[in-house]
Amino acid sequence: MDQTKTDKNLFHPGDLVLLTDRKSRRYMVTLAEGETYHCHLGRLEHGQIIGNNVGGWFRTDKGHILLGVRPTLGDFVREMPRGPQIVYPKDLGNIVNFADIFPGATVIEGGLGSGALTSTLLRAVGSTGKVINYEIDESVLPKAMRNIERVTPDTSNLEIKIRSIYEGIDERDVDRIVMDVPEPWQAVPGIGDALTMGGIVLSFVPTILQVQKFVLALEEDGRFQMIESIETLLRSWHVTERSVRPDHRMVAHSGFLTTAVRCEPRPDGRAPQKGDASGEQQDGAESGEENTD
Ligand SMILES: C[S@@+](CC[C@H](N)C(=O)[O-])C[C@H]1O[C@@H](n2cnc3c(N)ncnc32)[C@H](O)[C@@H]1O
């Protein structure tokens, strides 16, 4: 008996399959009995895939061979139907990491958009956690929910409120707040009220001016410490026997992540002195300003 032919290893109707051609171009298909997938490489009956192995090779009627695997969440996000601009996989992973999203966490999210970040947060909080999303534009809901439901078996722990997150947050003692909205600084008072002590807020924005306004608002509020801003540059490599080099193309820019921790205000009422990421130089070091920390 073929040991790989277990139920888990086989494609079933309703499954997503990611087909890859010899040039690494990707095509995502939802399998259904009796359907046919068409592309410039020819026709492929879904029935040729259903009941066969994940990781198998499938031949179109024009003789092209396609590899079929299950898409990762990142693959799905890249290929899924979009409304508003999505957060890309390179940032999604870092958001989960830097906002420290954990199983069982209660997370407030600002901005539903196309549902890429929401799907990622739901996966990270798991069935014991909860995601409560504030979104101002009701029209994004149908497409976002279709996307989220494709990759999230149970969405009962997702609540969506059609409201501006700038107007305040109803919930209290929440573990994490993650935002992808244009003016996150407007949400700062509400975030301070909603976050549990030690809770983390993370904002994703595309421009550095937005980062600065958010950071200054957090500092002025006084209830946030450990404020940090980063961006991620991700470069893939071409590796063959004859040549090893970076790929020619990369996503040069997507956005910046800023995180902060809800704390008691500093007893001296001053903003913290900041060093760079290496900790080698404090602001004011060159001017000889005294560090009174
Ligand atoms: C860039 S999209 C979010 C994309 C989403 N993170 C994703 O990965 O698919 C920004 C979303 O924030 C929503 N939005 C803008 N201002 C808002 C506010 N004040 N409160 C809540 N949502 C807001 C927009 O309607 C839009 O759907």
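Trainee: In which sense do strand 10 and strand 11 pair, and over how many bridges?

Mentor: Strand 10 (residues 174–179) and strand 11 (residues 195–205) pair in the parallel sense, over five bridges. Before we go further, keep in mind that this is a predicted model: local features need pLDDT of at least 70, side-chain atom pairs count only at pLDDT 80 or more, and totals for chains, interfaces and linings use all residues. Residues are numbered from 1 along each chain as its sequence is written. As for the terms, helices (H or I, at least four residues) and strands (E, at least two) are DSSP runs, numbered from the N terminus, and two strands pair if DSSP finds at least two bridges between them.

Within your pair, Arg176 sits opposite Ile200 of strand 11. Helix 3 (residues 89–98) packs on the sheet and touches strand 10, strand 11 and strand 15 (256–262); the direction of helix 3 makes about 10° with that of strand 15. Axes here are lines fitted to C-alpha atoms, for helices over the stretch in contact, and angles run from 0 to 180 degrees between N-to-C directions. Contact means that the C-beta atoms of two residues, placed from the backbone, lie within 7 Å.

Setting aside neighbours within four places in sequence, Ile95 is in contact with Val87, Leu117, Val178, Leu202, Phe204 and Leu257. Leu257 is 162 residues from Ile95 in sequence, yet their C-alpha atoms are 7.5 Å apart.

Seven strands make up an open, mixed sheet in the order 9-8-7-10-11-15-12. Strand 9 (158–162) and strand 12 (224–231) are its edges, each pairing on one side only. On average, neighbouring strands of this sheet are turned by 15° against each other, direction ignored.

There's another sheet to look at: four strands, antiparallel and open, in the order 2-1-6-5. Strand 2 and strand 5 (56–59) each have a single partner strand, so one side of each has no neighbour in the sheet. Strand 1 and strand 2 run antiparallel and are joined by five bridges, with Thr20 partnered by Arg26 in strand 2.

On to the domains, whose bounds come from an automatic or database domain assignment: domain 1 covers 7–71 and domain 2 covers 75–262. Their C-alpha centres lie 32 Å apart. Five residues from domain 1 and four residues from domain 2 take part in the contact. On the domain 1 side, strand 1 (16–20) and strand 2 (26–30) are the elements giving two or more residues.

Overall, the protein has seven helices and 15 strands, and buried residues make up 32% of its 293 residues.

Definitions and conventions: A residue is buried if 20 or more other C-beta atoms lie within 10 Å of its own, exposed if 12 or fewer, and partly exposed in between; C-beta atoms are placed from the backbone.
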